[in-house]
Amino acid sequence: MTEPKQSRPKGTQDFTPPDSERRRHVEGVFRHLAECYGYQEIITPTFEHTTVFVKSSGEGSDVVTKEMYSFKDRGDRDLTLRPEGTPGVVRAVIENRLRIPCRLYYVGPFFRYGRPQKGRFREFGQLGLEALGEASPLVDAEIIYFGAGFFEDLGIRDCLVQVNSIGCRACRPAYRNTLRDFLLDRSGQLCADCQVRIERNPLRVFDCKVEACRVAVKDAPTPRQYLCTDCEQHHEQVLSALNRRGLRYEANDRLVRGLDYYNRTTFEYISASLGAQDSLGGGGRYDYLVEELGGPDTPGVGVAIGLERTLLAAPAEPAPARRHSAFVVWLTEAERDAAQELADRLRADGIAAQVDYGARKVKGQFKSADAAQAACCIIIGPDELAKGVYSLKDLATGEQREVASDAINEAVRALFRD
Ligand SMILES: [Zn+2]
Ligand SMILES: [Zn+2]
């Protein structure tokens, strides 16, 4: 099917002002909080060799089998637009030989060929943390707490954390076999995808959205019932660290998450205000991933937060205040150059300033100032020029007064204080 010309591709969106500013605000809150927790930014390419994702997310995962934007470039390389953050970050940590332990955060666009729906796009923003080289359950708890704090900072009040443990290399094989046998007995009730999952990765059946599958696994054995002593202890310590912080969470023993690389802790943030698309994000521990991608044996744990769903869940902002910017208005052609010079001087001092050079009338310039939501107008006419002053009009109050030309920067700044 061809898209109509001059429209954005299906599953993408434009962020026009003020939505672009709302998005930047969310990213800013994330960056600030991540840095408070000692994370530093990592920026990796938006595409990687396809094997990076196949090796980490798992050959049979929905992401790899159905959702990747994969292509061959002109040099016949198999490349994929990144569908998630963790594999590329881990690849970069290994390739650049970063000192371990390291704490990294990322902010950027990701791509999945899924069915577009409310809060879900084919190009989407994700905000993530990766803590590499830290095995302590206290780090799992800290990351879970971080996400809850992030949503709270944005005013999302109804966020609930679900937590689970899915075991380790020692205890998962026995559980897998038990689950596989359970599913084989009921394979007739499962969807075609889940039939394949029984042998490849039976845990994934828990992620299936098909109603018949949900019913079939209702009484299935869960990973928690099969945890080894080490996993059980790790999980207890995660939960007690959350309890110490008074964080509201819910145990969900069917929370396995759809990627192969997780072990032990898995968690998700749920918001009732999102309806069916209720997950704001989530994460877990991935103690084998670094090794599987060719690095040294290194534990890891991380979280990824969906930007669009966060924007949906966050309360609408109050009506925007006027911007910290000035609009320089000239009355006749003779003052236009002076207006431009003043705007330059203000900008050089870090004050946002605009001039409507093409205006035919003063009234039009005031309209432009209002449309730009400027805090004030600085008016230059023949009188002002002769007296060496400017007329400064506060657009919030409508008050106007004369200001000596060398005091204008300070006078404008004083109007910005709110
Ligand atoms: Zn275990
Ligand atoms: Zn199914």
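Donors here are N, O and S atoms within 2.8 Å of the metal (3.2 Å for Na, K and Ca); water is not among the atoms, so sites may look incomplete. With that in mind, welcome to the tour.

This is a predicted model, in which local features need pLDDT of at least 70, side-chain atom pairs count only at pLDDT 80 or more, and totals for chains, interfaces and linings use all residues. Residues are numbered from 1 along each chain as its sequence is written, chains are lettered from A and ligands numbered from 1 in the order in which they are written, and side-chain values use heavy atoms, with hydrogens and water left out.

**Stop one: the domains.** Colour 19-171 + 227-313 as domain 1 and 325-416 as domain 2; these bounds come from an automatic or database domain assignment. Their centres, taken over C-alpha atoms, lie 48 Å apart.

**Stop two: the zinc ion.** Now select ligand 2. Which residues coordinate the zinc ion? The SG atoms of C191, C194, C208 and C213 do, at 2.2 to 2.3 Å. In sequence, these donor residues follow the spacing C-x2-C-x13-C-x4-C. Display the angles next: the 4 donor atoms subtend 105 to 114°, so the arrangement is tetrahedral (four donors with all angles between 85 and 135 degrees).

Show the surface, and you will find C208 and C213 buried (under 20% relative accessible area, with a 1.4 Å probe and protein chains only). C194 is buried too, at a relative accessible area of 0%.

**Stop three: C377.** Select C377, which is in no disulfide (a pair of cysteine sulfur atoms within 2.5 Å). The nearest cysteine sulfur, that of C376, is 7.1 Å away. C377 is buried, with a relative accessible area of 0%.

Terms used
Four donors count as tetrahedral if all angles lie between 85 and 135 degrees; four count as square planar and six as octahedral if opposite donors are over 155 degrees apart and all others between 65 and 115; anything else is irregular. Buried means under 20% relative accessible area, exposed over 50%, partly exposed in between (1.4 Å probe, protein chains only).
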